[in-house]
Amino acid sequence: MINIGPYQLDGQAVLAPMAGITDQPFRQVCHRMGAAMVTAEMSTSKADLRQTSKSLLRLADAADSEPRVIQIVGTDPAEMAIAARYHVDAGAQIVDINMGCPAKKVCKKLAGSALMKNPSLVADILKQVVDSVDVPVTLKIRTGWDLENRNAVQIARMAEDIGIQSLAVHGRSRACRFNGLAEYDTIAEVVAAVNIPVFANGDIDSGQNAQKVLNHTAASGVMVGRAAQGRPWIFAEINQYLNPLPKNAQKTSTNRPGCFTAWQKGLIIEHLELIHDYYARFETQNLLHRVAKRSTINKDQAIDLAVKISRKHVCWYFNQMVQCASNLMKEHTSDFSVATSSCLVAENQAIKTIEIAKKQFNTLLVAKDQLQFLKQFFSETNLKGDIAA
Ligand SMILES: Cc1cc2nc3c(=O)[nH]c(=O)nc-3n(C[C@H](O)[C@H](O)[C@H](O)COP(=O)(O)O)c2cc1C
């Protein structure tokens, strides 16, 4: 069982913060799919940017699952401390500090992962943030500044001494950005060096993979980012792999990985509805913080934003559907007895149909058209394994 301050997590797999992706609707969907903790997209600590719609949309939300985790990014210790307090007042139950983001925009101000180059500044930021709030403060880091300067262990020890209550370590250095494969040796060293929970992060995309990383690092849990895009059920898959149900209690719906079943289609529709609803009610929504009333985008702009955000997520779902049909094709191609059968033709056709639908979806300009299109597509198109049955 993983404990962060007073919060006991129900599982070992958590959602990684991803700017532009882990908005409130996506967090809700991932939590429903078994993510034990979900973190909001990073929020700048700059006070003068607090009233922008981007910042307002990144506040803790009443509909978020508990613990409500927000992430702050910045370079100035006093400013970071004020930002932490501001978010706690707005309903955050855990404050996470971003020292993992390699984005140029962030790093050129020596924020995000660039901070790892300056351990004394890191110490100052951590101390001031921990002292400023009475909720747990957590930290997300990379393995170091570059491959020659992997100082994650030093930063982790220091963080624990200062009072940081859990760590997430992405198995790449800042210089690696997203290139190459994540390495887990440094994460294992961090785990061995501290007594607080550590989440291993980087390239985890299946239950089997999660188990391997946990075995290798002895981390308390895993943090999953990109693999959840278009595939939020990865958390259910990981949970089931790590804690298999007795055979007779297994749900048949998750028995064939890669196939789109009715509940998955239902979840996608629900995700779309959540996005439309969340952004449409942006001006008056049930954010925990009163300042949301001073939102800088109007209702039409908010709805427009919802349509654009929906495209991104639905596009990922379509890509997963293509992947699902391709997997089935591969399965059947390797099975000599069905290699020439109609299965391959059907799967090939399914891929074409999905690609066309993806293009059509991207031309839709109105939320209700998006919803209607997707509902109709799912009712008319059989994307399950039974295409090939
Ligand atoms: C589009 C995108 C946005 C990200 N935004 C953030 C962020 O806001 N804060 C953060 O700490 N890390 C951010 N990250 C890094 C992820 O949290 C995670 O560490 C990284 O993607 C590696 O995990 P993965 O291989 O499971 O994706 C982002 C990554 C991506 C791909």
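## Confidence in the model

The protein averages a pLDDT of 86, and 84% of the residues score at least 70.

This is a predicted model, in which local features need pLDDT of at least 70 and side-chain atom pairs count only at pLDDT 80 or more, while totals for chains, interfaces and linings use all residues. Residues are numbered from 1 along each chain as its sequence is written.

## Overall make-up

Of the 389 residues, 44% count as buried, a residue being buried if 20 or more other C-beta atoms, placed from the backbone, lie within 10 Å of its own, exposed if 12 or fewer do, and partly exposed in between. Among contacts with a separation of 6 or more, 71% come from residues 24 or more positions apart.

E8 runs parallel to strand E7 (residues 137-142), to which four bridges join it, and strands are said to pair if DSSP finds at least two bridges between them. Within this pairing, Arg142 stands opposite His170. The chain passes from E7 to E8 through helix H6 (residues 152-162) in a right-handed β-α-β crossover, meaning that, with the strands pointing away from the viewer, the path from the first strand over the helix to the second runs clockwise.

E8 also pairs in the parallel sense with strand E9 (residues 198-201), over four bridges, and here Ala168 stands opposite Phe199. The crossover from E8 to E9, made through helix H7 (residues 185-193), is right-handed.

E10 pairs in the parallel sense with E9 over three bridges, Gly221 being the bridge partner of Phe199, and E9, H8 and E10 make a right-handed β-α-β unit. E3 and E10 are paired in the parallel sense by three bridges, and Val14 stands opposite Met223.

In helix H9 (residues 234-242), the buried residues are Ile234, Phe235, Glu237, Ile238 and Asn239. The buried residues of H9 pack against strand E3 (13-15), helix H1 (24-32), helix H8 (207-217) and strand E10 (221-224).

## The surroundings of Ala92

Ala92 lies in the loop between helix H3 (77-89) and strand E6 (94-99), and it is buried because 27 other C-beta atoms lie within 10 Å. Leaving aside residues up to four places away in sequence, Ala92 touches Ala60, Arg68, Val69, Ile70, His87 and Val135. Ala92 and Ile70 are 22 residues apart in sequence, and their C-alpha atoms are 6.1 Å apart in space.

Methods: Helix = DSSP H or I, 4+ residues; strand = E, 2+ residues; numbered from the N terminus. Contact = placed C-beta atoms within 7 Å. pLDDT = per-residue confidence, 0-100.
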